[in-house]
Amino acid sequence: MNPKLILLLLVSLFLSHCAKESLPPQPTKIIENGVVVWQEPLWKVAHDTSNFVTCVFYPYWQFDDKVIVDTYDNKRGGLRCMRVDTGEILWEKFFETSEDYTGEQILFLKYSIFNNEKGYIIIPILEQGDLMHTKLNINTGEVIWKTHLETLGHLEAYDDYYYCLVLTSDEVFPIYKVSIENGDTEYFFATTLPVHPNFDWHRRGRPHPLNYNQKDYMFIDEHRLSKPDSIECFMSLLDTKTMELLVENIPLDSWLSKVEVNNGRVFLFTGTGYKIFDMETLSFEREVKLIDWGDYIYHTFYNDKLIMGLSPNNTLNVDGHYVVDLNTHSLLYVFEDWVYPSAILDNVLYIVSTGKNLQAYNLNTGKRVLNFDLRYDTQFGVATYKNDEGKKFVVVGDLGYTYCFEGL
């Protein structure tokens, strides 16, 4: 070979090596003052962004090493099951969505029942004007059954059934009982709250079944119009074995949104905070008011803390995630932001908000530890997962992609 050519090749290789060595390594995350302000995703998977459909969907469902998120394709909204660690798509299920009042295609999946142990989701879906309750296999996406029920809202599962409010007339919304096994429906109970003497308005209630000391009960939320712009809220308690009302139409400061037994105590969640109900005396033993008036979004019990997402209907309070000490019932922190359900992993609370923002807060200190923007406006869900090797994953989405980031 020509000696000059050999020399040129050696010089070229040397310069190339020096250039590579001189470039700094690309960071996978940027931390400023203890806060992660940028992080490269472990993976991201695109949606069909040319055929966008609004999916009102939360929370994301995480089970085993999988997560179910929202997606859309060819102007249809749907669900996508993915491997958390790799982003591999395991199955997709799309629905013929309907138009909202603006004419935009929308898939509304805010209310659902998810059971990872028995492997199903039940979701009410407005498909081409028909309200269909649909049960899916979470491992395959297969439709197990569909049944037509006139309700899109609140569903509560208990034992082999779930309960929901059904529109049967212009005056009454009775509670129906639906078989989880096959979707068969039957009438269960109707509200006893009379119509306000000055307003002929639909009376509405929501069922909250539970077991306490091996007995079955149902708290029933009831409300009615009392003025053109005002609603009166009440609560009743039903013994579901005898069908006797143990308490009837107790006034509340807001509608009863959720009921859960935690450490032997019955927590009742409303749009202002929570109450603890004594099942022996049939009275409230404690009331904790966090805001004056608003909407309950979600709650989570975590170690010795309670996290509540509340959205106020006035200017006196802020939208936020309210963190309460369960030992003292004192307010520890408020993470101010528009509220969608959060996810917690190793004492870190992950939330998405309107706009492009993903944030995380340390629940022991109340300090923000992550704050950066996604590429497009965020979707409503977030999920966390920790594998057997201790690696942490956080799954979120925006209008263009589903992302997975390494957890803190």
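These legends describe close-up views of a predicted protein model.

View 1. The protein has 408 residues, and buried residues make up 51% of them. Its exposed surface comes to about 19800 Å². Carbon and sulfur atoms supply 48% of that surface. Take the contacts between residues at least 6 apart in sequence: 42% of these join residues at least 24 apart.

**View 2. The largest nonpolar core holds 35 residues.** Which members touch the most others? They are Ile-307, Leu-349, Leu-363 and Val-396. Strand E32, residues 348-352, gives the most to this core, with 5 residues.

**View 3. Leu-363 and its contacts are shown here.** Residues up to four places away in sequence are not counted.

**View 4. A second, separate core has 30 residues.** Among them are Val-53, Cys-81, Ile-125 and Phe-393.

**View 5. Ser-236 sits in strand E21, which covers residues 230-239.** Is Ser-236 buried or exposed? Its relative accessibility is 1%, so Ser-236 counts as buried; the cut-off for buried is under 20%. The side chains of Ser-236 and Glu-222 are joined by a polar contact of 2.9 Å. Leaving aside neighbours within four places in sequence, Ser-236 is also in contact with Met-218, Phe-219, Ile-220, Leu-245, Val-247, Glu-248 and Asn-249.

Note on methods:
Residues are numbered from 1 along each chain as its sequence is written. This is a predicted model: local features need pLDDT of at least 70, side-chain atom pairs count only at pLDDT 80 or more; totals for chains, interfaces and linings use all residues. Side-chain values use heavy atoms; hydrogens and water are left out. Buried means under 20% relative accessible area, exposed over 50%, partly exposed in between (1.4 Å probe, protein chains only). Contact means heavy atoms within 4.5 Å. Accessible areas come from the Shrake-Rupley method with a 1.4 Å probe; for residues, only the protein chains shown count as cover. A nonpolar core is a set of buried Ala, Val, Leu, Ile, Met, Phe, Trp, Tyr and Cys residues joined through side-chain atoms within 4.5 Å. Helices (H or I, at least four residues) and strands (E, at least two) are DSSP runs, numbered from the N terminus. A polar contact is a pair of N or O atoms within 3.5 Å; within protein, one must be able to donate a hydrogen and the other to accept it, and residues adjacent in sequence count only if both atoms are side-chain atoms.
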